[in-house]
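Thanks for coming. I will show the model first and then talk through how its parts pack.

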Amino acid sequence: MNVTRRDFTKGALALGTGLTLGFPAVLRRAYAADPIKIGVPAVLSGGAAQYGLQAKRACEMFAKDIQAKGGVLGRPVEFIFEDTTGDPATAVRKAQKLVEKDGVKFLTGIVLSSEALAVSAKCPEWKVLFMSSFTGVGAFTAAKFNRYSFRPNTSGPMGARTVSLYMAESPMKRFYGVGSDYAWGRDSIGSFDRQMTAVKKEVVGKDFPPIGTKDFGSYIAKVKQSKAEACFTVLLGQDASIFFKQAEQFGLNKEVKLVTEIVELANLKAAGDAMLGVIGGSRYPFTLDTPKNRDWVKRFYDMHNVWPDMFDGETYQATEWLAQAITAAGSDDVEKVIAALEDSTYEAPEGKRTMRKCDHQAVKASWMVEAVKDPKYPHLIPKILATYPGDRVTPKCLTEEFA
Amino acid sequence: MSPAIAVEQLLNTAALSALLFLVSVGLSLVFGILRVVNFAHGMFYMLGAYIGFSIVSRSGSFWLALALAPPLVGLIGAALESTTLRFIYRRPPIYQVLLTFGLSLILEEAVRIVWGATAQAVDPPAWLAGSVTLGATVYPTYRLFLITVGAVVGGGLWLFLKTTRAGLVIRAVAQNGEMAGCLGTDVRRVRTAVFGLACALAGLGGVVAAPMLTAYLGMGIGVIVEAFVVVVIGGLGSIGGSIVGSLIVGAAQTWGGFFISEVAMAIMYAVMAAVLIFRPWGLFGDEE
């Protein structure tokens, strides 16, 4: 009886551990030819898992697309996924495993800014190129810049800049800021505050609820009390959808205009009609009306049976740009690829982007959108209100400040 | 602070406390009767939310979810107890902790496989979805419903334990399981039933939480930490303790969030630390 009990406990533990640790192996695909391996240490579990899911969808689609075109330098592209659980130390460990055990020379799809900074700091030592697609924190291309890291995507300060440019032109003058209590939330609210002050408007109050806040009742009460005209939120993943649901229940959306840095489909789906009329920035709205984008969106829908979200687009574009640079370098040698990426241009769905050599930040456009209903879609969609060209929303080189 | 906002915050405290109570009372009951610290308890809360989501999205009826999901979660809980925990009650507590921790990992993965990794919104019935005007403040009707559910379950549970024969048996097992067994009570069945009941309560908490918080992965882990704080403050095994503990934690989070939001979470732990220092068995627990 004793043996049975002990065996059972061991079995249960082994099963639990197996389920947690074993699954990346399932995602691996074996290619016959010597593939170009790209490591994707993404958040695949927990509160930010909706982002890792997007990284995975985009990489899978890119692998399929590039395979159909004969690969990169005649070699297939293989993505290897790892779950970082949203913890910077785990992200470094998983990235190190990808580099040392799987032999990847390129990383992408890291979700949280905290994870990205931790991994990026190791890249010079590993001689590995990190092509970000999510990383928002301004320091990534400023104080914490290193030449092994590139940001082809929109950063947090760029998102805050987009919203600030829009708000500067609006008649509203008093704002309240609510941001997740970590690098991205604090950066963006701070940047918004400075830019509003610069145009003689005021951020009357700021709050930084911890990641994973479930009840925003107290924060909503404070926003109401402040008599602000608009509330600017920079909340991570599910926190945002919960906030918007509760804002509607407390009637906050009737008292103040709700503005957010990123209007994401994941949140539009989760919060439903509570987000109707919310305006905010978008790093990539799938409703972008260009031939290249229409075609891509359709193919994405055919493959995944959902409409692409912001980071589906950003991650796909990052991998495509990286593959373009590997092709241009004629080799997967990291130093050569870095040289090929610097000052390169990429034909994005919205038009040309360039990769600045000075801080490895892409000069790219950004959008202001509104969550609207459209009978063609099962959820609210982002309708583009304004497009800001790259030279207006990209910070000065190696800084988080704007001209 | 205007009176309207003060009223709003008082109601927020009550609503959050109601939710905490539904989860922590089960944790407390299981410890009182089974002497097991159930790390998987939060997962039944999450399971309730997700099963509720599935029922609402298929049938369109929140009330059907409210009626079906808690007993379903209770059955799953009872089945897990009778196939796993039952065999290791006599072992040192570390075995039970490891087992329930393992179960929580398995349940979390199971939820991910079945429902996916994104948060799922649950619609409350139309008449609960809006807001009501209370004097100068607008308040979500749904939170008033939560307060009602918490109060009804608290009162019902107390009556059940104090006035019914089944309640008497449960209290007897809690006080002295061996003696109750000698007097002809099937202790094993009582334990399974109590475990199932506790899981059903957590499931109920999940169903009613989902329209307010959405159903999401990680909600089980989040709530279990708070529920532990509640039972440490209130005292393990005491219903009254769960009520008071829930109110204290609810108030600490709500008012802390309003006045000093930067350290709101710390207040809860500070209260817990104070209780552990001055009254380690909790405000309502028995000194052992």
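What follows goes from sheets to helices, then to domains and chains.

This is a predicted model, in which local features need pLDDT of at least 70 and side-chain atom pairs count only at pLDDT 80 or more, while totals for chains, interfaces and linings use all residues. Residues are numbered from 1 along each chain as its sequence is written, and chains are lettered from A and ligands numbered from 1 in the order in which they are written.

A word on naming. Helices (H or I, at least four residues) and strands (E, at least two) are DSSP runs, numbered from the N terminus. Two strands pair if DSSP finds at least two bridges between them.

Start with chain A. An open sheet of five strands there has the order β2-β1-β3-β4-β5, with parallel pairing. Which strands are at the edges? They are β2 (77-83) and β5 (149-150) of chain A, each of which pairs on one side only. Strand β1 (residues 36-42) of chain A is joined to β2(A) by seven bridges, in the parallel sense. Within that pair, Ala42(A) stands opposite Asp83(A) in β2(A).

Helices lie on this sheet. For the contacts, two residues count if their C-beta atoms, placed from the backbone, lie within 7 Å. For the directions, axes are lines fitted to C-alpha atoms, for helices over the stretch in contact, and angles run from 0 to 180 degrees between N-to-C directions. α13(A) packs on the sheet and touches β1, β2, β3 and β4 of chain A. The direction of α13(A) makes about 165 degrees with that of β3(A). α5(A) lies across β1, β3 (106-108), β4 (129-131) and β5 of chain A, and runs at about 150 degrees to β4(A).

Chain A also has an open sheet of three strands, in the order β11-β12-β13, with antiparallel pairing. Its edge strands are β11 (345-348) and β13 (362-363) of chain A. Strand β12 (residues 351-355) of chain A pairs with β13(A) over two bridges, and Thr354(A) stands opposite Val363(A) in β13(A).

Now the helix pair in chain A. The axes of helix α3 (residues 49-68) and helix α13 (residues 310-329) of chain A come within 8 Å and cross at roughly 40 degrees. α3(A) and α13(A) are therefore oblique to each other; angles under 35 degrees count as roughly parallel, over 145 as roughly antiparallel, 65 to 115 as roughly perpendicular and the rest as oblique. The contact divides into 10 nonpolar, three polar and three charged residues. In these counts Ala, Val, Leu, Ile, Met, Phe, Trp, Tyr, Cys and Pro are nonpolar, Asp, Glu, Lys and Arg are charged, and the others, Gly among them, are polar.

Chain B has a helix pair to set beside that. The axes of helix α2 (residues 41-59) and helix α4 (residues 93-115) of chain B come within 10 Å and cross at roughly 15 degrees. That makes α2(B) roughly parallel to α4(B), and the crossing is left-handed. Met43(B), Met46(B), Leu47(B) and Tyr50(B) in α2(B) meet residues of α4(B) including Leu107(B), Val111(B) and Trp115(B). By class, this contact of α2(B) with α4(B) has seven nonpolar, one polar and one charged residues.

Also in chain B, strands β1 (residues 131-134) and β2 (residues 137-140) run antiparallel and are joined by four bridges. Thr133(B) has Val138(B) as its bridge partner in β2(B). The hairpin has two residues between the strands, and Gly135(B) takes a positive phi near 60 degrees.

Next, domains. Chain A is assigned domain 1 (2-154 + 290-363) and domain 2 (157-282 + 366-393), with bounds from an automatic or database domain assignment. Their centres, taken over C-alpha atoms, are 27 Å apart.

Last, the chains. 39 residues of chain A are in contact with 36 residues of chain B. α1(A) gives the most to the chain A side, with nine residues. By class, that side has 16 nonpolar, 16 polar and seven charged residues.

Terms used: Left-handed = near helix turned anticlockwise from the far one by under 90°.
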